[in-house]
Amino acid sequence: MLSNGKEVIMYNGNENITICDHPLIKHKITMLRMKTTGTNEFRALVEEIAVLMGYEALRGLEIEEIDVETPIERAKCPVIAGKKQAIVPILRAGLGMVGGLLTLMPAAKVGHIGMYRDEVTHEPHEYYCKLPNPIDQRKIFVVDPMLATGGSAVDAINLIKEKGGKDITFMCLIAAPEGLKRLSEEHPDVKIFVGNLDRELNENAYICPGLGDAGDRIFGTK
């Protein structure tokens with residue numbers, strides 16, 4: 001189903017999932033997939049895509065009018081209301097998307113949630129959580145380049161909700177259908193923005209066709 005130039009994919013009646021269809025996003029994700037794309041270019045592309053996706057994800061920000069003196073006259077003009085946003089990357093790959101979102105909302109506070117995936121069970125384990133206060137009064141953007149099994153995203157959002165977070169949006173560059181389904185079913189109230197929905201997970205729980213390990217490619221590690 002198409003809505004306002006966006007493809008909306010529904011799981012169990014949930015219309016909170018947006019697959020971004022902008023040509024620039026699709027083009028830049030293709031560049032990310034290429035194994036010949038080096039660390040510096042990969043890092044820059046992740047940040048650029050975050051800006052493009054953020055533009056769409058931030059449509060829901062509330063605005064209010066203030067009095068402004070222009071060179072011509074006084075006028076009532078709109079500004080972002082409250083300015084209480086929080087960006088929460090899932091470590092470590094999520095850090096690559098933070099700069100792009102801060103370009104759009106430089107006053108946002110940044111929290112961090114650390115997760116690592118068990119190589120055998122593929123289940124996530126938390127090792128760090130630090131969120132801006134008061135988290136319950138903020139519009140929260142959880143970011144991670146990849147949504148594979150959905151375990152890390154689900155657990156990260158569970159942590160945020162346990163600490164009082166309510167207004168939550170999740171953003172990723174690519175997602176597997178399995179992870180998107182799990183996240184939308186376990187957190188149907190969370191808005192989800194995806195750069196591209198890939199084909200499937202393989203037997204090792206890697207997204208196909210995917211783009212490799214986003215963290216390794218952002219930070220130049222193996």
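Guide: This model is predicted. Let us begin with two of its helices: α4 passes α5 in a right-handed crossing.

Visitor: How is such a pair of helices described?

Guide: Two packed helices are described by two quantities, the angle between their axes and the distance between those axes.

Visitor: At roughly what angle do the axes of α4 and α5 cross, and within what distance do they come?

Guide: The axes of α4 and helix α5 (residues 177-186) cross at roughly 20° and come within 9 Å. Angles under 35 degrees count as roughly parallel, and the crossing therefore makes α4 roughly parallel to α5.

Visitor: Which residues of α4 and α5 meet?

Guide: From α4, Gly151, Ala153, Val154 and Ile157 meet Arg182, Leu183 and Glu186 of α5. By class, the residues of this contact of α4 with α5 are 4 nonpolar, 1 polar and 2 charged.

Visitor: Are α1 and α2 roughly parallel or roughly antiparallel to each other?

Guide: The axes of helix α1 (residues 23-33) and helix α2 (residues 39-57) come within 10 Å and cross at roughly 155°. Angles over 145 degrees count as roughly antiparallel, and α1 and α2 are therefore roughly antiparallel to each other. In this pair, α1 passes α2 in a left-handed crossing.

Visitor: Which residues make the contact between α1 and α2?

Guide: On the α1 side they are Leu24, Ile25, Lys28, Ile29, Met31 and Leu32; on the α2 side they are Glu41, Phe42, Leu45, Val46, Glu48, Ile49, Leu52 and Met53. The contact of α1 with α2 has 11 nonpolar residues, no polar ones and 3 charged ones.

Visitor: How do α2 and α3 lie relative to each other?

Guide: Their axes come within 7 Å and cross at roughly 45°, with helix α3 spanning residues 95-104. The two helices are therefore oblique to each other, and α2 passes α3 in a right-handed crossing. Val46, Glu47, Ala50, Val51, Gly54 and Tyr55 of α2 meet residues of α3 including Gly96, Met97, Gly99 and Gly100. This contact of α2 with α3 divides into 7 nonpolar, 5 polar and 1 charged residues.

Visitor: Let us turn to pockets. What volume does the largest pocket have, and how many residues line it?

Guide: The largest pocket has a volume of about 690 Å³ and is lined by 27 residues. Nearest its centre lie Arg117, Asp144, Met146, Ser152 and Asp213.

Visitor: Which elements each supply at least two residues of that lining?

Guide: They are the strands β6 (85-91), β8 (112-117), β9 (124-130) and β11 (146-147), together with the helices α4 (151-162) and α6 (214-219). By class, the lining of the largest pocket holds 15 nonpolar, 7 polar and 5 charged residues.

Methods
Residues numbered from 1 in each chain as written. Predicted model: local features only at pLDDT ≥ 70, side-chain atom pairs only at ≥ 80, totals over all residues. Heavy atoms only, no water. 1 Å grid on protein atoms, 1.4 Å probe; cavity = no way out; pocket = protein on both sides within 12 Å on 5 of 7 lines; lining within 4 Å. Points joined across faces, edges and corners; volume = space filled by probe spheres on them. Helix = DSSP H or I, 4+ residues; strand = E, 2+ residues; numbered from the N terminus. Nonpolar A, V, L, I, M, F, W, Y, C, P; charged D, E, K, R; others polar. Axes fitted to C-alpha atoms, helices over the stretch in contact; angles between N-to-C directions. Parallel < 35°, antiparallel > 145°, perpendicular 65-115°, else oblique. Left-handed = near helix turned anticlockwise from the far one by under 90°. Contact = heavy atoms within 4.5 Å.
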